[in-house]
Amino acid sequence: MTALPRAAALTLAQRIRLLSGGDVWRTRALPEAGVPAAVLSDGPHGLRFQADAGDHLGVTGSERSTCFPTAVTIASAWDEDLAEQIGQALAVEARALGVDVVLGPGLNIKRHPLCGRNFEYFSEDPLLSGRLAAAMVTGLQRHGVGACLKHFAVNNQESHRFVVDAVVDERTLRELYLSGFEHAVRASRPWLVMAAYNNVNGHPATQHHRLLTGILRDEWGFDGLVVSDWAATNDRVAAVAAGMDLEMPGSHGLFDREVEEAVTSGRLPAELVTESAQRVLDLVARSARSARAKGPAIPVDDHDALARRAAAEGTVLLTNDGVLPLDPGRSVALIGAFAEHPRYQGSGSSQVAPTRISTALDELTRRGVTVTYAPGYDPVHTRPEPDLIAEAVAAARAADVAVVMVGLPPAKESEGFDRTDLALPPQHDELVAAVCAANPRTVVALSNGAPVLMPWKDAPAAIVGSYLGGQAGGAALADVLYGDVEPSGRLAESFPASLEDVAADPYFPGDPHQVEYREGLYVGYRYHTTAQREPLFPFGHGLSYTTFGWDGIGVDRATVQAGADVTVTVTVTNTGPRPGADVVQIYRHDRTGVVARPRRELAGFAKVHLEPGERRAVTVTVAARAFAFYDVRAADWRIPSGAHDLEVARSSADVVGVVTITVEGGVSAAAEPAGAPLVAADDEQFERRLGHPVPRPRPVRPFTRQSTLDEVGTTRPGRLLKAILWRMAPIDDDVRADPATLAMYEHGINELPLRGAAIFSDGRLRLGTVDALVHLFNGQPGRAAARALTSLATAVRRRVGRR
């Protein structure tokens, strides 16, 4: 391939054309200039590649590829090497399918356990999220395939995701919601970062100059391309000025004229268009270099084996009275429709068409286990069915052991909408309680993408958290149940005992146009350890089949200058009869009193694999940044002088030992001193934290391009437009039969802003028409008619000009 031209050598029109996609998954080619398109694909846990015209929601078919465990499962392994191996495997499959960029990983913080997309994100903790994301990016890009960190930033809910404004104070923004991205950007240098749908403190993420240029590029040194989430673009001119380079998907040049007029009039500097166009060309050039060495076909068997190992390593043994591992000679009542119809991935844009699927029922049968199967519930609708529970109870009574597979059906969690409660379906809870009463040797295996309540927690002999294990999840569960693989997973998120133990709950999901992050830093275990709330299961928790002893806890220095790293050492011994892995977690407790901080914050971790009787010294580096807080007054990171405890722990609630160090040369005062309230419950407290008055949500009227179809649907012409768009949606019998996909469409259409409808219209709805409709919805028919005539005249002039 010949060298691509520089952006400066292209015409203004060509540069502008490069700044929006060619279709759903490709950048726009410029054949006359020798510029091909680059191919992008969804892929946080597997490639969702659509070779022909596709969609962004995962409804139409895609090419077969390995469905690895979702991020929630991968994170539970606490293993950066494993995350990197999965990244490498994704790159191999991308090369085989002709994909240049994988849209992932996602590393948004799990602010609230009800976020419908939590299964796609790693953790409630930014250090763990950032390190795992960096590892996955490294694996992908080592093989010449670009990675795209998403969704930047403060994208922590699905409810009204296209328009909601996340109001968050600067310190919380920096310490919790940006620091994972910062680590991944600095450590792995991703090719792309995706700007999110939502607003951040009043500015759309796609046109947030401070986020995209001031922080991402100028502070962190990001030199790649910023792409919008699909249809996230609000104002293309403002987006280019802010540092967003590529609008996706292709919108048939929807914003091109506005950008050209802004450059011509001097409102938008031409050099910014040139810089963004050059970044697109750089991406295409990188992709073209990789395409010359296109890889062979997908190694199905090898990648299925990797997916199986990852699912097993991400499995968390929550409780166990000794019933596990199972004796292969025991008869088993396998109960739960997920044993036959597994819940192995989430719904939405990350849905993968797997190369194969293993089920727990098939795997136990293959092993020669004497197994009796009872479905217990409908896997899709999970309506109350007492007959199915009675059948399951009979099977449990007749077996040596019962294994009950329950969890969240697809309609409970998906992209596009949030959960409404923490509970499992009533049929699942009733099934577990009934089976445990019939057979005390009952093992419960959970298939879920986020925390759930367990009112029956103390009844089973064991509880196994297998999360969403990907295509090989059924086989992996059998591996864990029978001890072929030692469970070494640890929770990467807290399981709260109730919604009252979630500090963000009173403010989630907020007003349709505004959500206030009044809980500040107190998310997940940070709140539990500070407010002394006992969770159902704590962050970092997980049991093993073997036992481990920890001793020899020490630190390399007792006094440290601010800005220096510290090394903590602990000797771990496998004191049991089986090989296994343990996770050493280091938490920092700031005792200086300089600034208000959570009681406990993860500062480092390491996973160690040991044979029976093996003893090894494990060293964990606690980076200087772990001691720092973001000082709003100084607009910089500062480290408090004084005593800091480093707590060596098995989980956020199980500390084994403590070493204390003294930091010298730091600061002794901060903008938010110790003693500040955990949650800014009233406006005065929140205003102090924000540094300005609490903004009011955007009013519904007057309507604008950002108004949703639900909002304009309160008017007669709005109802007509909404009805037309519903008829245009690709909702067939398959979609109607899938509650999760149907719910995703319902929320997606109802909450879609007018400018999003134009982007998704394949050129049928132009901005001039949108503006005319806005006037009509606002009860201004005269202005609507004038705008429509202006739009028509412009279209005629452009058509004549093309002739």
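**Salt bridges, sheets and buried side chains**

Colleague: Which residues are linked in a network of salt bridges?
Modeller: This is a predicted model, and the answer is read from its side chains. A salt bridge here needs a side-chain nitrogen of Lys or Arg within 4 Å of a carboxyl oxygen of Asp or Glu. The residues linked in this way are Arg308, Glu363, Arg366, Arg367, Asp479 and Asp484.

Colleague: How many residues apart are Asp484 and Arg367, the pair that links distant parts of the chain?
Modeller: The side chains of Asp484 and Arg367 form a salt bridge, with N and O 2.5 Å apart. Asp484 sits in the loop between helix H14 (473-481) and strand S15 (514-516), while Arg367 belongs to the loop between helix H11 (360-366) and S11.

Colleague: Is Asp484 buried, partly exposed or exposed?
Modeller: The relative accessible area of Asp484 is 49%. Exposed would require over 50%, and buried under 20%. Asp484 therefore counts as partly exposed.

Colleague: Is Glu313 buried or exposed?
Modeller: Arg309, its salt-bridge partner, has a relative accessible area of 35% and is partly exposed. For Glu313 the value is 11%. Since the cut-off for buried is under 20%, Glu313 is buried.

Colleague: What is the total count of salt bridges?
Modeller: Another of these pairs is Asp636 with Arg638, at 3.4 Å from N to O. Asp636 is partly exposed at 35% relative accessibility, and Arg638 is partly exposed at 27%. For the model as a whole, the count comes to 58.

Colleague: Which are the edge strands of the open sheet of six strands?
Modeller: The strand order is S9-S14-S13-S12-S10-S11, with mixed pairing. The twist from one strand to the next averages 15 degrees. An edge strand pairs on one side only, and the two that do so are S9 (316-320) and S11 (371-374).

Colleague: In which sense do strands S13 and S14 pair?
Modeller: Strand S13 covers residues 442-447 and strand S14 covers residues 462-465, with four bridges between them. Val444 stands opposite Ile463 in S14. The sense of the S13-S14 pairing is parallel.

Colleague: What angle does the direction of helix H13 make with that of S12?
Modeller: Two helices that pack on the sheet can be described in turn. Helix H12 (residues 386-398) touches strand S10 (332-335), S11 and strand S12 (401-407), and its direction makes about 165 degrees with that of S11. Helix H13 (residues 426-438) touches S10, S12 and S13. Its angle with S12 is about 170 degrees.

Colleague: Which residue is the bridge partner of Asp645 in S25?
Modeller: Strand S24 (residues 642-651) and S25 are antiparallel and share nine bridges. A hairpin of two residues connects S24 to S25. Within this pairing, the residue bridged to Asp645 is Thr660.

Colleague: How many bridges join strand S17 to strand S25?
Modeller: Strand S17 (residues 559-561) runs parallel to strand S25 (residues 654-664). Gln561 has Glu664 as its bridge partner in S25. The number of bridges joining S17 to S25 is three.

Colleague: Is Arg171 buried or exposed?
Modeller: Arg171 is placed in helix H5 (residues 170-188). Beyond its sequence neighbours, Arg171 is in contact with residues including Leu521, Phe629, Tyr630 and Glu672. Its relative accessibility is 3%, and the limit for buried is under 20%, so Arg171 is buried.

Colleague: What distance separates the C-alpha atoms of Phe162 and Ala232?
Modeller: Phe162 is in the loop between strand S3 (146-152) and strand S4 (165-167), and counts as buried at 5% relative accessibility. Among the residues it touches are Tyr197, Leu752 and Pro753. Phe162 and Ala232 are 70 residues apart along the chain, yet their C-alpha separation is 6.9 Å.

Colleague: What accessible area do Leu720, Ile724 and Met728 have together?
Modeller: Met728 is in helix H18 (residues 716-728) and is partly exposed at 42% relative accessibility. With Leu720 and Ile724, Met728 forms a nonpolar patch on the surface. Together, the three have an accessible area of about 270 Å².

Note on methods
Residues are numbered from 1 along each chain as its sequence is written. This is a predicted model: local features need pLDDT of at least 70, side-chain atom pairs count only at pLDDT 80 or more; totals for chains, interfaces and linings use all residues. Side-chain values use heavy atoms; hydrogens and water are left out. Buried means under 20% relative accessible area, exposed over 50%, partly exposed in between (1.4 Å probe, protein chains only). Contact means heavy atoms within 4.5 Å. Two strands pair if DSSP finds at least two bridges between them. Axes are lines fitted to C-alpha atoms, for helices over the stretch in contact, and angles run from 0 to 180 degrees between N-to-C directions. Patches are made of residues with over 30% relative accessible area and no salt bridge: like charges are joined within 9 Å, nonpolar side chains (Val, Leu, Ile, Met, Phe, Trp, Tyr) within 5 Å. Accessible areas come from the Shrake-Rupley method with a 1.4 Å probe; for residues, only the protein chains shown count as cover. Lists of a residue's contacts leave out its neighbours within four places in sequence.
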